[in-house]
Amino acid sequence: MSQLTPFIELRRSLLLLLLSLIGFTQLHGQSQTNERARWFVDARYGMFIHWGLYSATEGIWKGEPLRNANNYAEWIYYRNRIEKDEYLELMDRFDWESIDPEEWVLLAKRAGMKYVTLTAKHHDGFALWDSQVSDYDIAEYTQPKRDIVKELAEACQKHGLKLGLYYSHWVDWEHPYGWDHTKEIYPITAEQYDQYWQEKVMPQMRELLSNYGSIGMIWFDMWINHSESIISKEQLLQLKSLIRTLQPDCLVNSRLGLSIEEDSDIDYRTLGDNQLGTQKLDYPWQSPGTVAHSWGFHQLDTEWKSTTSLLQALIGNVSLNGNYMLNIGPKANGKVPYEISQRLLEVGQWLEVNGESIYKAEAFDLPENQHDWGKITYKEIAHGIHRLYLHVYNWPYNSQLPLTGVTTQAQKAFVLSDKLQMPLKMKHQEVLTSIELPAEQPDNLISVIVLEYDQKPEIQENLVAKTVDGGFSLKAENAFAEEGQASRVDYERGGTIPPHVLVEDTYQLHWKLFIDEPGNYRVDASYSFQGKKPAGRLKVLGAESSLEQSFVPTGLTVGEPNSDWHIPNFSSHDLGILYFPRAGVYEISMQVEARKKLPAQFQWLWVRKVNRN
């Protein structure tokens, strides 16, 4: 036992905590990650399990499909207005001799997942453990009694996976005072809701936190803020306090009903269903996703995502500091649909080879959509060994992979799946690393190229990346500066009208690009102009020269045949040649002059070297 004074002991503890946080920040780019969530940001990939009484309906009740086009089969009790007694009769459809939660855990492990989250109690209020709080649980209706939470917890412990539990705290269709959306018509009082809270939610959560060993996370499912509902902030804080008391290391997600901005003690943000990340965040976050569409098993759901699209979802999230939790919806016999298990195993095979680029990896400093060939993750694998992982979604036809924006020269490049790490030829010029790839793609799904450095690579910001086919696509979204007024317009008319900027006065955009080969570069402009004759001006300046043209009428085109679907025509126009005398970073500027009655709709500039025969 230390004999230091309490003050010195406290000071030493604070110093050790500070040093640990500093070390953690150096290893993990998510600077707002607390100690509890360390394992979570390292794991990156987990399994969601939606399984309960609803699994036995398979999305059909008395011959009628689920009454909602979203196909969320786990909502059938509410959607199809099933009576509780009839709902409980679904227990007869379960094949209890075949149901083995260890099989789910083994599938998760083979799939490369690091944690498992089970719907211990979904919105139907039915508990998958032997609850002493209510007789509306699985043990009450099985002989011998089953406790699926216990069986899953033991399997996770046996196979080294973290256990997560989903608990529907806000919505409960079984308890008379739990939230049911019909109470929008037939209200209950705050006092009645608190009765549900104190006699079911709090004691059941105490059971889950006390009887099943270490819980990695409690996954709540309130998709709105508490201010929009009957639930109170005080009730949510009471629940969170219980978790912090009984399981201090257990994670709590933002679907508790408290946002990260409102409560910094929330461990990670949960995005919407099947919502993937779009921006880098410095705190932990997660996307819950499905392989088809429904979470619980639905026999009519055939919207199967490909293995490649699931991998891209995982990689894309990790490239933005996010996690991905992919759902299985087992049937009433406990079996996972083949389409799901097949894809999970294929992802697992990919991770067995390429997992280094996912586990413990994080976002790099370049913009999310800078390159047209895929995504980048980063990791310091040891002191003095830093790696960029280039996930190549589209294998270049010319076997050349350009990486724009990194100023540090890599020491070597190789294919991650190559155990011999045979070096790939590469060339570094200021901010451009050009890698010569094998002619054949190493992996049929997504190949990973590693660039290794002796320090974390530094970058130059605000550069437009060179595309795989050697050009530069200059758009409003990748400009580093703009002047004047313009309206940004997203896709319209089912995507037949492309994103563009609508200019009714004077407007300028500015880009930076690295020219690796001096010479002549052709500049094309895509725009729509509905004037009757040429008017306005489009001017491009760069490399001490300029190009200038009036907007010419582009007319209309047919967006959808035989549908009276006539839309502005966006067409490409040759503006001429810019000469770049030497390699280096250049600024390209575009000036648009238009009038309110004759607006210009600018889409992009395309800059590409003129090849000589």
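Asn462 counts as partly exposed, at 43% relative accessibility. The model it belongs to is predicted.

- Most residues other than glycine have a negative phi, and most peptide bonds are trans.
- Asn462 has a positive phi, near 65 degrees, and is not a glycine.
- Asn462 sits in the loop that runs between strand E18 (447-453) and strand E19 (463-464).
- Arg81 also has a positive phi, near 50 degrees, in a residue other than glycine.
- The loop that holds Arg81 lies between helix H3 (76-79) and helix H4 (84-88).
- Arg81 has a relative accessible area of 44%, so Arg81 is partly exposed.
- A cis peptide bond joins Gln143 to Pro144, with omega near 0 degrees.
- Pro144 is found in the loop between strand E4 (115-121) and helix H6 (148-159).

**Helices H5 and H6**

- Two packed helices are described by the angle between their axes and the distance between the axes.
- Helix H5 (residues 101-110) and H6 have axes that come within 8 Å. These axes cross at roughly 40 degrees.
- The crossing of H5 past H6 is right-handed.
- From H5, the contact uses Pro101, Glu102, Trp104, Val105, Leu106 and Lys109.
- From H6, the contact uses Ile148, Glu151, Leu152, Ala155, Cys156, Lys158 and His159.
- By class, the residues of the contact of H5 with H6 are eight nonpolar, one polar and four charged.

**The largest pocket**

- Rolling a probe the size of a water molecule over the atoms shows where empty space is left.
- The largest pocket has a volume of about 610 Å³.
- It is lined by 20 residues, and the closest to its centre are Pro367, Asn369, Gln370, Glu477 and Asn478.
- The lining of the largest pocket comprises seven nonpolar, seven polar and six charged residues.

**The second largest pocket**

- The second largest pocket holds about 450 Å³ of space.
- Its lining has 22 residues, and Gln400, Lys466, Gly470, Asp516 and Glu517 lie nearest the centre.
- Four named strands, E14 (400-404), E16 (426-429), E17 (432-436) and E32 (600-609), each supply at least two residues of this lining.
- The lining of the second largest pocket divides into six nonpolar, seven polar and nine charged residues.

Key
Residues numbered from 1 in each chain as written. Predicted model: local features only at pLDDT ≥ 70, side-chain atom pairs only at ≥ 80, totals over all residues. Heavy atoms only, no water. Buried < 20%, exposed > 50% of the residue type's maximum accessible area, 1.4 Å probe, protein only. Axes fitted to C-alpha atoms, helices over the stretch in contact; angles between N-to-C directions. Left-handed = near helix turned anticlockwise from the far one by under 90°. Contact = heavy atoms within 4.5 Å. Nonpolar A, V, L, I, M, F, W, Y, C, P; charged D, E, K, R; others polar. 1 Å grid on protein atoms, 1.4 Å probe; cavity = no way out; pocket = protein on both sides within 12 Å on 5 of 7 lines; lining within 4 Å. Points joined across faces, edges and corners; volume = space filled by probe spheres on them.
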